[in-house]
Amino acid sequence: MAKVTKDQVKKIADVARLDINEEETEVLVQQLSDMLSYADVLKDLDTEGVEPLYQVHEHTNVLRKDEPRQWITQDEALKNATIKKDGQFQVPSILE
Amino acid sequence: MSIFDYTLKEIQAKLHNKELTVTDLVAASYDQIDRVEEELKSFITLNKEAALAQAKQLDQETNDTNNPLFGIPVGIKDNVLTKGLKTTGASKMLSNFDDPLFDATVVEKLNDAKTVMIGKLNMDEFAMGSSTENSAFSTTHNPWNIDYVPGGSSGGSAAAVAGREVFFSLGSDTGGSIRGPSSYCGVVGMKPTYGLVSRFGVIAFASSLDQVGTITKTVEDNAHVLQAIAGQDPMDQTTVAVDVPNYQDTLKDGVKGLKIAVPKEFLAEGVSEEVKQSVLDALKVYEDLGATWEEVTLPHSKYAVAAYYIISSGEASANLARFDGIRYGHRSENATDMIDLFKKSRSEGFGAEVKRRIMFGTLTQSAGYYDDYYHKAQQARRLIKADFDQLFEKYDVVIGPTTPTTAFKIGEQIDDSLTMYANDLLTIPVNLAGVPAISIPSGFSAETGLPFGLQIIGKHFAEDTVFRTAYAFEQATDHHTKRPNLGGAK
């Protein structure tokens, strides 16, 4: 049985900013369900009292000195953009 | 004997006494590329004109024979930024990313060592895959039999070294992406300790797991290359302030008295009989060299693949959010508004596997799934790391196969994600624990003639022990001297 619905898949795609058609939605319902079923092996694991480990060295708040330095110029920053105007990235209008 | 059979140190000696020039080395690389690239498809981008010019310039200088990398032709995985040289991550999303603004720290370090950039190597899109079939541009072929995959995601990096197109390469390893291809292609591939090598300028996949590493023909060469790229970098705050030892100092010290742990889970169901036998044969070699081994257990390793796909996909979904179509990368021409521009650019730019992982990563971090999957996977990671910590209290290294089987055929698994994911069964626990591991050639299948890889795992920052263990086996055997019989190969 599928573990996710078509509506859930569409909602997740929206959150992830992906445009998926009906056919892709159906495929993803099946594939994501299979992956969740596979991941259900974790349900057998007793993790009572186990702290999650997000990064092996468990570093926190590693900072470097806040010193200004030469990095890239405005022109360089724009170099790989498809559409630019007046030294800025151009995007579709966001105001009515 | 071909020029590619020399070690890096031997080449330095020959450059020094003028038996060879850097131009000879670079020309040899491009000659071999001309001969075999049509079969292998290791590269996405070549850098021929600039490389030959650089070679000419280096030939005006005298090499420092203490620098093993002077003038050496190198290939770099295409998820590592190279200033002014197209970097795509093997994605349509970055197929127009012609002019990266800076070099990754590892590239800067290689440039300082005066290596010569031959080109950028093929991979699975954004390093997601185990076969290099997920590249948006082409599928790389295994040099030992071009009907088979080279492994992935650093398939181009391993095939180019095995196929003698470059003298060494860099790859990245998030769940086995250096070790898997190195095993399938019969070369030496090292995934260092998490935090040893900078990832600044490497296109991020799963930041708590990603590590850059080295692919070479021999263990000694591998240690030389890692020496050059290791160390703390202020631009990657996950790099650790450790004193990197000189790996050559202990490389040849042998394995007398070395204590080896062999997890029974690494020789269990899912691992082919011939692969198991290759490991038992290797253990016999170690016994003869004066090491001892015992069977042990990694009780939580069976949870590793599930935990890995949840964690890595979750981190990937966040890391790949940067691809918006606006600042760089593919921009859709069909969008009506801002959100539509994001969605269409991303949907047109990403391939199926990348989309699947973004979806899975977003799903398992969403309300209703977070506790049962994402949180639970991070707890599993602590238990898997603790398993390794416990073994390293008593043993020097952990040994097993790198992959459950030898390489599979192109097309055989590409439509079955879960089967594809299982190829990384034996490499994934290493990334979750953050420990270093190498894959070295350990023989050839009697059935297919394809190489086996032996995986040697050490404790955090014990790359010196891993190299020493690998070197002892390599020198006691002749697997690393075998070469694939490519159509055009000399």
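**Notebook: chains A and B**

I looked up two helices of chain B and found that B:V22, B:T23, B:V26 and B:Y30 in α2(B) meet B:K48, B:A51, B:L52, B:A55, B:K56 and B:L58 in α3(B). Contact here means C-beta atoms, placed from the backbone, within 7 Å. I sorted the residues of this contact into seven nonpolar, one polar and two charged. Nonpolar covers Ala, Val, Leu, Ile, Met, Phe, Trp, Tyr, Cys and Pro; charged covers Asp, Glu, Lys and Arg; the others, Gly among them, are polar.

I note that the model is predicted, with local features needing pLDDT of at least 70 and side-chain atom pairs pLDDT 80 or more, while totals for chains, interfaces and linings use all residues. Residues are numbered from 1 along each chain as its sequence is written, and chains are lettered from A and ligands numbered from 1 in the order in which they are written.

I then checked the axes (lines fitted to C-alpha atoms, for helices over the stretch in contact, with angles from 0 to 180 degrees between N-to-C directions). Those of α2 (residues 22-40) and α3 (residues 48-58) of chain B come within 8 Å and cross at roughly 160°. The two helices α2(B) and α3(B) are therefore roughly antiparallel (over 145 degrees).

Next I took chain B as a whole. I found that 61% of its 490 residues count as buried, that is, with 20 or more other C-beta atoms within 10 Å of their own. Its C-alpha trace spans about 65 × 55 × 45 Å along the principal axes.

Last, I looked at the two chains together: 42 residues of chain A are in contact with 52 residues of chain B. On the chain A side I listed 28 nonpolar, seven polar and seven charged residues.

Definitions and conventions:
Buried ≥ 20, exposed ≤ 12 C-beta atoms within 10 Å, placed from the backbone. Helix = DSSP H or I, 4+ residues; strand = E, 2+ residues; numbered from the N terminus. Parallel < 35°, antiparallel > 145°, perpendicular 65-115°, else oblique.
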